[in-house]
Amino acid sequence: MTDFKVDRKTFLTTAAIASAGAAAGFPTILRSTASAKDVIKIGLDYEYTGVYAAYAQSETRGAMMAMDAWNARGGVMGGTRVTTVSEDNDNNPGIAVEKARKLVNVDKCAALMGSINSSVSLAVSGAANAMNILYIDSGGHADAVTGADCKYSTFRTCHSTWMETHATGFSLGKKFGKKWYLITPDYAFGHALDAGYRDVAKKIGATIVGDDLTPLGTTDFSPYLTKVLGAKPDLLLVLVQGDDFVNCLKQAHEFGLVGKIPIGGPQVELEAVWALPEAARVGFWGVEWYYKGANVLGTNNKLATNFVNEYRKKYHTPPTARSAFGYITMDRLLWGINQAKSTNAAKIAHALAGAKFQTIFEGTTYYRAADHQLMWPMWLGGIRAKGTPQDKYDVFDIVDRQEPDSIEQSIAEKAKVCKMVWP
Amino acid sequence: MKSIGIWGWVATAILFVLLLLAPQLAPRLHLALTICTDVLLFAIAAMAVNLLLGYTGVLPFGNAAFFGLGAYGAGLSIQNFHVGFITSLAIGTLAGVVGALLIGPFLLRRRGIYFALLMIAFGQVFYFIAYRFTNVTGGEDGMNFTRPALEGFGIHLQDAGFYYAILLIFTLVVAGFWLLVRSPFGRTLVAIKQNEVRARYLGLNTDRFIFVALLISAAIEGLAGACYGLSIMFAYPLLLDWHQSGDIVLMTILGGAGTIFGPLVGAIIYVIGEDILSTALPWWQIPLGALFVACVLGFPKGLLGTALDLLPGRKNRIEPGHDLDFAAPIIADRETTR
Amino acid sequence: MAHIAPEIFNGLILGAFYAVVAIGLSLIMNLTGTINMAHGSFMTLAGYLAFALIGAGTNYWYALAIAPLIAVVIGILMERTMIRPLYRRDPVYSLLLTFGISLIAEEAFRLIWGPNGVPFSPPKVLSGSISLGFTTFPVYRLFIAGALVVIIIALVIFLQHTRYGLRLRAAVQDREMISALGTNTQLLYMINFGLGILIAGIAGVLAAGMLSLNPQSGNSLLMPAFVTVIVGGMGSLYGAIVGGLLIGLAISLTTLYLPAASEISMYVIMAVVLLVRPRGLFGEEGIFG
């Protein structure tokens, strides 16, 4: 290589490295350099893009309201303000773990909350535990989060899959009868739901006259629906979720099943119902929290009514169960930090475990010490396709309520799978 | 034999110094060290793709199957047999190779788009298996596992220790890759890429060469997957999905297929870029998609490839494996194969 | 046993869907070597456009006609600006480009219409079910079956019995020659791509009434369509039809007897076909290797 060409090469290589360095330095421009001593930061690791974006948004809104309430009262630990840092995990556990580590190591968050997607919850739970950071799973339902994969540093607010099946199983069995037909999605969540309902069936003496496993991403439910029509059960349990759920109900309507055979299932999100075509707005479903009704909110529950009214005023739609998860999670997380007077995960966990409190629904509740599951009731709601004349969003008619101790596994049963290791 | 010149070595040396200093540099740049670890292991994955795409001339759009197999292989062996760190990586690598052994014979019957489509389809089969066999793999919930200790030393590698382990693996893979593409085997691959029919006329069993290349690529990809599994201590089905394949292929092309360090450049841009973008913008998938489009339309040779092309004297030299435009226009392909 | 007849019928309808989507893909692939990973996105786009048109007050039939046409315009714009430069290059580029476009499209749908999907129902006259003797069957599905058959017949007529169709087939065989004979090949590519998107658009609007309409819904039909192309054979439209029906039937029947295997049944068929006849059932040797 002749001399002048050496300059070009070196220049280019150096330029490449320099620009890579500059690009890598970009984060400094985006991140605020507020000193960590003035505020306590809570990291939000949610699925802000993708299929669950609407739920992530609801949960975050609820969380922000709780945070604002605490800050209005002077913050935590004698006057320290609370802020949040949010990261999107795109429904991807690997990215979720990366973001969790970024939130803790780079943004210096004191604790983490998050997630709709169960695999994300599980992954972040493990990652947070490895960093000894407190993590509250606000919206991921897999039993393992408070079961086989339980951690001292992980708590869960929303109901577990077991609670969902048992709450609805008892209510639906009571209401419609004991001959059940199940349409089950053929993957982990579906199997868990299936096992849950079989357990309920055993307990109440119901018989399962049919149980079809539908493959992942089924677009066509007609073979199953024709079988259901033939089997004439008292109740059709639709366990499929998401797109499959919409397809199934749409086609159930097409095949004339609606009105002939009662339809029910473990749970449906309010946001999802609002997006359903009217023909598919049928059935009785588990409702984890609802913004109306004495059965849910109680009478004279100021906290609840304030929450609902403020949320509605701010966002123009009513709060959903997801909003409630976010609110309760943030509220209790901050309470725990305040109570423990520390951001040490073990201290917060000790403060939270078993501590009784009242919040935006009727009744007293607590995160169970054995598995860190929030023990609260669950309701059954029938869908009103058009809502009410006063409120088009009011699509649920809450008809029943089940208490937590009857719908979750006992402490003894949980102890068989959950072995919590404290530092 | 062409050499990369003294300044190429200098650049490489500077690069490795920077990589060695990453644990100190990263915090100053507000980057988590774990992101740097991820950059390295995705660079390894992209190198696997590079071997097939840049040097052999096949489109490995289902490569994530091997990546995912690697992660699950490592995870399952840790969960069920409590193996150590190095053993889990070895098992992950082996899982990738087994995957290639299973689907290779099908893939070899076709080339070009067919090869790509077939690989996507078979990749989806593995995805489906991971999703469906909940008892073994945890299904869509994924699989948690701990990072095992290093055999013989009994120490658990965390953060910086883990980073250096991955850096060591990366260095070994780069060195091996460099030797491979300069070996007679590597040169044969390039010959096949440039004109497979001619290679066949010369008596070479191109199927066998491509198959071996596929096995090596799957091994490297499996190793990368195992590293990733150990990094996040989790394995999940999306690792096998064709979107993951697309991401890794993009990294290869972004940096420059057919170059040694192209995959690393691509991995740096993609992994760090995605991290920054997803923090800054809620709709970051749009600039990501736009990056694909811009890269394909504007920088087909990738960043490093285009940069190297700007260096005087390079354009006219016949650089083995450097030119991605190996396929003559479709018409010519058709005519030669008829 | 009584279950089989409706199942076969369902399987044929599903298969016809796969076939139609595969034909669209195939048309685009055969002539220019472009692998259109954004094909599903165009289906979803047409569905959303139909939704928007109906929301603005038009009736379903108007939307069914217009939405695909708008999708075609957008598709042709994309073809002229982004895909045309790639015609002379390796197929991996078009694959990556259209993959990138599908990412942009999905996020754009999410931004415009929300992540949860939108409610889309077929018109009243097509809803409900009628008795067919051996079973009751949804009217809408019968309509879809009819529409798909019409599309396929129209395509066959176009390709076999019109001059443009003749030119398309000639161009697939020998592009240089037909260009030397004076045909404007660029125009031909454009029309070909537009045709592929038109088919995708119509299929998309039809599917929206039967399945949920959300940012990802187009992609659920994409993978089976690719498998159909592989099974049926790359250069062949009849292959796409036969392949699609075969796969639709396979999925439907395995669902009845072996539900766990229905997802994988199409891959099994693909593997078997490839072992026995590597170019696909009707594929032509030598096109794209």
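Reader: In chain A, how many residues of domain 1 are in contact with how many residues of domain 2?

Author: This is a predicted model, and the domain assignment of chain A gives domain 1 as 35–159 + 298–377 and domain 2 as 162–266. The centres of domain 1 and domain 2 of chain A, taken over C-alpha atoms, are separated by 32 Å. Contact between domain 1 and domain 2 of chain A involves 5 residues of domain 1 and 6 residues of domain 2.

Reader: How do the residues on the side of domain 1 of chain A that touches domain 2 of chain A divide into nonpolar, polar and charged?

Author: The side in question belongs to domain 1 of chain A, which puts 5 residues in contact with domain 2. By class, these residues of domain 1 divide into 1 nonpolar, 3 polar and 1 charged.

Reader: Is Glu164(A) buried or exposed?

Author: Glu164(A) sits in helix H5 of chain A, residues 161–176. A residue is buried if 20 or more other C-beta atoms lie within 10 Å of its own. Glu164(A) has 25 other C-beta atoms within 10 Å, so Glu164(A) is buried.

Reader: How are H12(B) and H15(B) oriented to each other?

Author: Helix H12 of chain B covers residues 242–255 and helix H15 of chain B covers residues 302–310; their axes come within 3 Å and cross at roughly 15 degrees. Angles under 35 degrees count as roughly parallel. H12(B) and H15(B) are therefore roughly parallel to each other.

Reader: Which residues make the contact between H12(B) and H15(B)?

Author: By class, the contact of H12(B) with H15(B) has 4 nonpolar, 2 polar and no charged residues. H12(B) contributes Ile253(B), Leu254(B) and Gly255(B), and H15(B) contributes Gly302(B), Leu303(B) and Leu304(B).

Reader: Which element gives the most residues to the side of chain B that touches chain C?

Author: Between these chains, 41 residues of chain B are in contact with 41 residues of chain C. On the chain B side, the elements giving two or more residues are helix H6 (112–132), H12, helix H14 (285–298) and helix H16 (330–337). Residues on this side of chain B divide into 29 nonpolar, 6 polar and 6 charged. The element that gives the most, with 11 residues, is H6(B).

Reader: Why is chain C described as being as compact as a globular protein of its length?

Author: Chain C has 11 helices and 2 strands, running α-α-α-α-β-β-α-α-α-α-α-α-α from the N terminus. The globule rule gives 19 Å for 289 residues, and chain C is as compact as a globular protein of that length because its radius of gyration is close to this, at 19 Å.

Reader: What percentage of the residues in chain C are buried?

Author: The C-alpha trace of chain C spans about 55 × 50 × 35 Å along its principal axes. Among contacts in chain C with a separation of 6 or more, 73% are between residues 24 or more positions apart. Of the 289 residues in chain C, the buried ones make up 57%.

Key:
Residues are numbered from 1 along each chain as its sequence is written. Chains are lettered from A and ligands numbered from 1 in the order in which they are written. This is a predicted model: local features need pLDDT of at least 70, side-chain atom pairs count only at pLDDT 80 or more; totals for chains, interfaces and linings use all residues. Helices (H or I, at least four residues) and strands (E, at least two) are DSSP runs, numbered from the N terminus. The radius of gyration is taken over C-alpha atoms; the globule rule is 2.2 Å times the number of residues to the power 0.38. A residue is buried if 20 or more other C-beta atoms lie within 10 Å of its own, exposed if 12 or fewer, and partly exposed in between; C-beta atoms are placed from the backbone. Two residues are in contact if their C-beta atoms, placed from the backbone, lie within 7 Å. Axes are lines fitted to C-alpha atoms, for helices over the stretch in contact, and angles run from 0 to 180 degrees between N-to-C directions. Angles under 35 degrees count as roughly parallel, over 145 as roughly antiparallel, 65 to 115 as roughly perpendicular and the rest as oblique. Ala, Val, Leu, Ile, Met, Phe, Trp, Tyr, Cys and Pro count as nonpolar, Asp, Glu, Lys and Arg as charged, and the others, Gly among them, as polar. Domain bounds come from an automatic or database domain assignment.
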